[in-house]
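Hi,

Here is the structure I promised to pass on. Have a look, and then read my notes on its aromatic rings below.

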Amino acid sequence: MSSSFKLTTHMSPKGDQVLSISKLTTNIKNGIKSQVLLGATGTGKTFTIANVVNNIQQNTLVIVHNKTLAAQLYSEFKDLFKNNRVEYFVSYFDFYQPEAYIPRSDTYIEKSAMVNQEIEMLRLSTINSLASGEPTIVVASVAAIYASVAPSDFEMYRIVLSKGVERNLKQLQYDLVRLQYQRNNIDLKPGTFRLKGDVLEIAPGYTDAFTIRVSFFGNTIEEIVLVNTLTGEVKERWDTYVIVPASEYIMNKDRWKESMDHIKSEMQDRVKYFKKNKKLLEAQRIEERTLHDIESLEELGYCNGIENYSRHLELRGANTTPYTLFDYFKSNNWLMVIDESHMTVPQVRGMYNTDRSRKTTLVDYGFRLPSALDNRPLNFDEFQSKLDKVIYVSATPNQWEIEQSKNVVIEQIVRPTGLVDPIIEIHSAKHQIDDLVIELQKQVNKKERSFVTVLTIKMAENLSEYLKKMKFKVMYMHNELKTLDRARIINDLRRGKYDVIVGINLLREGLDVPEVSLVAIFDADKPGFFRSDKALIQTFGRAARNVNGRVILYADNQTTAMETAISETSRRREIQLAYNKTHHIKPQTIVKPIFDDISSKEDAKVVEAYFHGKNKLDYKKQTRAVSILRKEMLQAATNQEYERAAYLRDIIIELEGNAKNEVQN
């Protein structure tokens, strides 16, 4: 890996990108701590940020409000910085049902979760990269504000292996177990090791791409090599190599007894409290549950819900800030980029209170000790205190971000493609369905596609049925669609199998479809989140990838939200048109390849049968479907088609999850 950030792309900044990069960079170097990049949809905000990182040469954390967008950004940064460490840090749960108690129905819900081991490896890789001191870009979801291992523990629990240095093999194996590695002489998977004669093989917990082979002559390390897991060939030779913990969460055994004493002491205090307040059921419950957990911890080193004892296991004081990913970034020497800040900031702000409300109920009814409240996400004040230099990135930033940045707002309105914001039309809502039919027929005649967004599920269903009767090729998109189905519908729309997609919320990421030149918004004058000025501007952006982009607002009154959205879009459109005229740019619709869902017809049949067939596939065929998709995913990653690889990964997760459920049933 390179010792400094270096952009690896043939592209150069264009349009507003040139001035945006210059201003953002200069502001950071001049000590401005907070600024806003107001970038219209499709203006290349990610490329702008990449250039800023290249200019300031500082570790960067890009945080966004969901996994899907995080995966897209990770792919883009990975492509832009091929020779640097670009890491992905999101929640490692494919499914997560938190522990909860509902007093009014006396219902206790046990924690249930499905961990994604690949994401777990990526999280560990993130921590290892930051701890190593190499230049690192981390793309994260808001999972970054949740508790992680203390940097001091991660630094302490490391094994340094050096060529020519004596190491006792027996002690080395003990040290590996201390770092959460397990001995496995048969299957050398991530987080395991095996010893064959004088050769020790270690599979790091953060990757399945290579293993570390350490050859001994007596007790002296003779050779350290990295071996390709699949081919067995030697990739690199090292004089010194650092073995990091196999898991993100490690247990410091040196403070184990003191931690257990703290848990027992808190339990006794809590039992006394409940008895004093005549809550005998709660007293019995907390004593039985805690003693059971202590027994498991002492016997196995683990218990269900171990994270609820993190304060004691780390010997932290009550109400202290938990360690998070932020603690791995050196103070005053890193940049935070909050992407889609109008969504991400409110989500960060709300997560602490949501978590505390649920856990307070568990504590009050004797399911958890009060210290469980200290296993939590950062509150908003703590989150802000962790930051040094921040860029808020959004097409529609909130007023809070603008005020926080003291009105330092850099606008990026002009698109490198020359495309301009869509034309906005207002049509009466009284005959909106009849009018829509006329407009859709125009679209069909031009062989262009359309999105229609409505307010209710019932309306979406009824409108879809009506449009089918009118001979339009229509599909209704709803939130219960799985990844495979959703991607197939979008691709089918692009190919022309459908003329129009009807949905409630078509703001979701991944719906950047160049073939769509019309976005129709029903009941645009109704109050609510999906008809706010910011939501409208975001929806308008769905038509900004096509040179013929238009938006029709069906409304009988102009709301303040509509006026604001239309005014802002018109302002941006005028700037874009003026730029194109000055620079003699003729806009062209974006050309974007359509990836087949599955590579071959035979493979497609397997997955199609699994999801939609009348007869369930047997477990063997389910496994085969996963194997087919995994090969496709790896090939896509090799070809640097990262969005496709992420999409295939999501399908694999669904297949594996469904297969597990059927085996259990």
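A quick definition to start: buried means under 20% relative accessible area, exposed over 50%, and partly exposed in between (1.4 Å probe, protein chains only). This is a predicted model, so local features need pLDDT of at least 70, side-chain atom pairs count only at pLDDT 80 or more, and totals for chains, interfaces and linings use all residues. Residues are numbered from 1 along each chain as its sequence is written, and side-chain values use heavy atoms, with hydrogens and water left out.

Searching the whole structure gave 16 aromatic pairs (ring centres of Phe, Tyr or Trp, the last by its six-membered ring, within 6.5 Å; planes under 30 degrees apart are stacked, over 60 edge-to-face, the rest tilted). One of them is Y101 with Y365, tilted, at 5.0 Å centre to centre and 50° between the planes. They sit 264 residues apart, with Y101 in strand β5 (residues 100-102) and Y365 in the loop between α10 and α11 (380-386). Helices (H or I, at least four residues) and strands (E, at least two) are DSSP runs numbered from the N terminus. Y101 is buried at 10% relative accessible area, while Y365 is partly exposed at 29%.

Y108 and F367 are stacked, 4.7 Å centre to centre with 0° between the planes. Y108 is in strand β6 (residues 107-109) and F367 in the loop between α10 and α11, so this pair ties together parts 259 residues apart in sequence. F367 is buried at 7%; Y108 is partly exposed at 30%.

Cheers
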